[in-house]
Amino acid sequence: MEKAAQCHKKVKIFFANLQSFSSFFSRSAKRTAVLDEVVKRRLPRAAPTRWNFKSRTVNTLFEYKNSFKEFLKQILDNDSTDSTTLGEANGLLNHLNSTEFLYWLKFFYFIIPHVKIFFNQAQTRGIDSVQIQNAIEELEKQIIRIRSNTDHLEPEDEEEPARKRQKNASAGESRHVIAKKVCDNILTQIKDRFDFKDHLSAAKLFFSKNFRSYRDAFPQEHFDLTVKSYPMLDSGKLKTELTAIYDRDDMCRIKGVLPLLMFLSDNNLKTVFTETYKLADIICTTPMSTSECKRCFLTLNRIQTFLRNTMLHDRLNDLAVLSIEKKNQYLTLITK
């Protein structure tokens, strides 16, 4: 979202200034302690590799901007504050008093919740193309709604004088025009990034728990989307093969696309179910989302800390499995 939004110099400057807040507080434990006392809310550490770092910073600054102002004023009034800290604190206070900064802070404060909702929906395991399409349409609807209300995002308590607003408008594009361009760019990025999603329906054809229900009602909708995504498949032959698979009880006991692919290969059925084997092969070799890989690395970071770096490989594997499968273990205990 940040990269899609950075289509204008003023927005780039806003995100650069936003990062300076986190950098200012994360460099000093003393500042963090005073921040806890005055604001009672911490800013996340500056970490560009963490996708939600700036979204959390936007939310915290917008909701507690008056407390941050009070804290920065205390730093400026303190006689023992060094010159470097004074300069940085004065710069941050100027940002919080700037209508330009406050406008973009409010603008992204309204956009970010909808992006986070979509992110969580898209990361759901087993999501299909229909659910993705509904989530995309809802996100687009919210961005369009925000685009139509950019004129009402001016900070209420610190509006610029009319003469100054007129001068800024004559010097270049107004904030409202830039905000509309940002929304348009986000909408364009959404369409470009999620244009190819019908292939997700192919996996629905191989849900073994649904095979018996597919005998009575063939999953025609998922089948049509699959054939549309992969036009190299022979649709007539594929439908015949899938119907035969759904009718067989031994196929219903196979759970997953990869076990089915191995079953067809081990039993010399590749020449019988040629189109099914081809489709299953495509599904198994389609790159997965990187979210699972990232979760594994984050899990290892929590387990193998600096104080545990002498841990042996077997113990590390066991702890990783326990951490990854903790949700399933919890559900099993509740069931019992």
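In this predicted model, threonine 85 is buried, with a relative accessible area of 9%. The cut-off for a buried residue is under 20%. Threonine 85 lies in helix α6, which spans residues 83-97. The side chain of threonine 85 makes a polar contact with the side chain of aspartate 82, at 2.8 Å. When residues up to four places away in sequence are not counted, threonine 85 touches Phe24, Arg31 and Ile75.

Helix α6 packs against helix α5, which covers residues 65-77. The axes of the two helices are 9 Å apart, and the packing angle is about 150°. That angle makes α5 roughly antiparallel to α6, because angles over 145 degrees fall in that class. The crossing of α5 past α6 is left-handed. From α5, the contact draws on Lys65, Phe68, Lys69, Leu72, Lys73, Ile75 and Leu76. From α6, it draws on Thr85, Leu86, Ala89, Asn90, Leu92, Leu93, Leu96 and Asn97. By class, the contact of α5 with α6 holds 9 nonpolar, 3 polar and 3 charged residues.

A further pair is formed by helix α7 (residues 99-122) and helix α10 (residues 175-193). Their axes come within 12 Å and cross at roughly 30°. This makes α7 roughly parallel to α10, because the class takes in angles under 35 degrees. The crossing of α7 and α10 is right-handed. On the α7 side, the residues in contact are Thr99, Glu100, Tyr103, Trp104, Phe107 and Ile111. On the α10 side, they are Arg175, His176, Ile178, Ala179, Val182, Cys183 and Ile186. The contact of α7 with α10 divides into 9 nonpolar, 2 polar and 2 charged residues.

Serine 229 belongs to helix α12, which runs over residues 220-229. Serine 229 is buried, and its relative accessible area is 13%. Its side chain reaches the backbone oxygen of leucine 225, at 2.9 Å. Serine 229 also has contacts beyond its neighbours within four places in sequence. These are with Phe196, Asp198 and His199.

Isoleucine 245 sits in helix α13, made up of residues 235-247. Isoleucine 245 counts as buried, at 1% relative accessibility. Neighbours within four places in sequence aside, isoleucine 245 is in contact with Phe211, Met251, Phe273 and Thr276. Isoleucine 245 and phenylalanine 206 are 39 residues apart along the chain. Their C-alpha atoms are separated by 9.6 Å.

Helix α15 contributes Val257, Leu258, Leu261, Leu264 and Ser265 to the contact. Helix α16 contributes Thr276, Tyr277, Ala280, Asp281, Ile283 and Cys284. The contact of α15 with α16 has 8 nonpolar, 2 polar and 1 charged residues.

The loop between α15 (257-266) and α16 (274-285) holds asparagine 268. Asparagine 268 is exposed, with a relative accessible area of 60%. The cut-off for an exposed residue is over 50%. Asparagine 268 is not a glycine, yet its phi is positive, at about 55°. Most residues other than glycine have a negative phi.

The whole chain can now be considered. The secondary structure of the protein chain comes to 19 helices and 0 strands. The chain has 336 residues, and buried residues make up 37% of them. Threonine 85, serine 229 and isoleucine 245 are among the buried residues. Of the contacts in the chain with a separation of 6 or more, 69% join residues 24 or more positions apart.

Note on methods: Residues are numbered from 1 along each chain as its sequence is written. This is a predicted model: local features need pLDDT of at least 70, side-chain atom pairs count only at pLDDT 80 or more; totals for chains, interfaces and linings use all residues. Side-chain values use heavy atoms; hydrogens and water are left out. Axes are lines fitted to C-alpha atoms, for helices over the stretch in contact, and angles run from 0 to 180 degrees between N-to-C directions. Helices (H or I, at least four residues) and strands (E, at least two) are DSSP runs, numbered from the N terminus. Angles under 35 degrees count as roughly parallel, over 145 as roughly antiparallel, 65 to 115 as roughly perpendicular and the rest as oblique. A crossing is left-handed if the near helix is turned anticlockwise from the far one by less than a right angle, and right-handed if clockwise. Contact means heavy atoms within 4.5 Å. Ala, Val, Leu, Ile, Met, Phe, Trp, Tyr, Cys and Pro count as nonpolar, Asp, Glu, Lys and Arg as charged, and the others, Gly among them, as polar. Buried means under 20% relative accessible area, exposed over 50%, partly exposed in between (1.4 Å probe, protein chains only). A polar contact is a pair of N or O atoms within 3.5 Å; within protein, one must be able to donate a hydrogen and the other to accept it, and residues adjacent in sequence count only if both atoms are side-chain atoms.
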